[in-house]
Amino acid sequence: MDTTNARELILFVLLVRMLAAASIASIMARSAYFKKLLFLADKTLQQRLAFGVVLGLPLLLGTALRVILQFQAPDLGLEGAVLAGVLGGSVAGIAAGGLAAFPALLHQEYLALPVLMLAGALGGYARHLAPSKDDVWTFSPFFDLNLYRWFRQRFGYARADWQMFFFLLLIVLEAGRMLLGRGFPGRLFYLFDGSAPMVIAICLTTIACVAIPITIWKNTRNELLIEEQRRLLVQARLDALTAQINPHFLFNTLNSIASLVRTDPETARQVIFRLSNILRQLLKKHENFATLRDEMTFIDDYLSIEVIRFGQDKLQIIKEIDEQTLPLMVPSMLLQPIIENAIRHGLSPRLEGGIILIRSFRQDGRLLLEVRDNGVGIAASALERVFQQGIGISNVRERLRVLYGADFTFHIDCPPEGGTSIRVAIPLVSN
């Protein structure tokens, strides 16, 4: 083979190696287990070892393909060992390097094991030197930008200094492999052409084969961070809305107790006892969802307080709960603000009190919850402003919007027979 053909073959091998590095990184980024190990901030010894083994398995396969097929492109042992070290520490790098070297040892390449394990250890040392562990993710395959930033910072910027150190470390490792391979023929795999441009291309490819997976996994990491931020934002909004509902209910109950303390101490004592049960349940709630059965237990405690305050002859509770709906999941504290609103604004203005009807049933593949009262109702002109007035009803609808997006309905009607009906339809979700 003449010199031109040999160089073209090496360039083809270098291109395939970069494509292989990108492909392996993309495939591994789809594994939930690998991502869990990769993005753990502080890995235990066992987790670092597991990370090295997981990353070392495709390296072992690449080395085996190179030995069996006599095609140099799949062998990414050196790059993979350094990558495992810089992302998982020296233990991970040594484990990955050892696995990558195993097929080479069977091929009598006896220098492969110490060289690749040393490369993994040096990758871990580079991680140790990084100003911050997050700086590892800033290493880029765009060498010109790295050099530009380093010179622009005048060698005094810790992150840029580390990147250049890692950049040079990869060049030294590749150059050292070439020297050892030439000094001990057949004992270590390496690529070499002899011309300076080809040596530079080989070194730059080594850097790219480390930087490309880092870039791919950094994008995956960023996506996970963005998703986590969205989840935390939604959780914060739900917590804020719930925090508005709970004090609203608490203050109303305390006002009821204050009005009963002088006129009916025994009833006030019963209300306080019921309130303590409710608060105990609230303190145990850490989830945004609960079964309808648990929600109804909470509602029973709440209504027992209102029945004591109104009197059993003035406040009647009718429940029509489909037994099949009790195991279904509903947002926590969904019904209480609706029922409280019905009592305060629908029945309280009436001297004779009234009736609260609570229903649950399935309809068209959805869970329907209805709270109806026979109180004073809502004027037609005020229906449009009901969500801008007060806290309870508007917060319930906002929580439903945050949890379900557009996949829910919330209707307020004033039936011809009087009173108010609030009906909520949400997706069926089993416990």
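**Phe361.** I listed the contacts of Phe361 (heavy atoms within 4.5 Å), leaving out residues up to four places away in sequence, and found Asp322, Thr325, Arg366, Leu367, Leu368 and Arg423. This is a predicted model, so I kept in mind that local features need pLDDT of at least 70 and side-chain atom pairs pLDDT 80 or more, while totals for chains, interfaces and linings use all residues. Residues are numbered from 1 along each chain as its sequence is written, and side-chain values use heavy atoms, without hydrogens and water.

Phe361 sits in strand S4, residues 354–363 (strands are DSSP E runs of at least two residues, helices H or I runs of at least four, numbered from the N terminus). Is Phe361 buried or exposed? With a relative accessible area of 14%, Phe361 is buried (under 20%; exposed is over 50%, partly exposed in between, with a 1.4 Å probe and protein chains only). I also checked Glu323: it lies 38 residues from Phe361 in sequence, yet their C-alpha atoms are 8.6 Å apart.

**Ser421.** My next stop was strand S7, residues 420–427, which holds Ser421. Ser421 is buried too, at 5% relative accessibility. Beyond four places in sequence, I found Ser421 touching residues including Val371, Arg372, His411 and Asp413. The side chains of Ser421 and Glu370 make a polar contact of 2.8 Å (N or O atoms within 3.5 Å, one able to donate a hydrogen and the other to accept it; residues adjacent in sequence count only if both atoms are side-chain atoms).

**Helix H12.** I finished with H12, where 10 of the 13 residues are buried, so the rest of the structure largely encloses this helix. Among them are Leu335, Pro337, Ile339 and Gly346.
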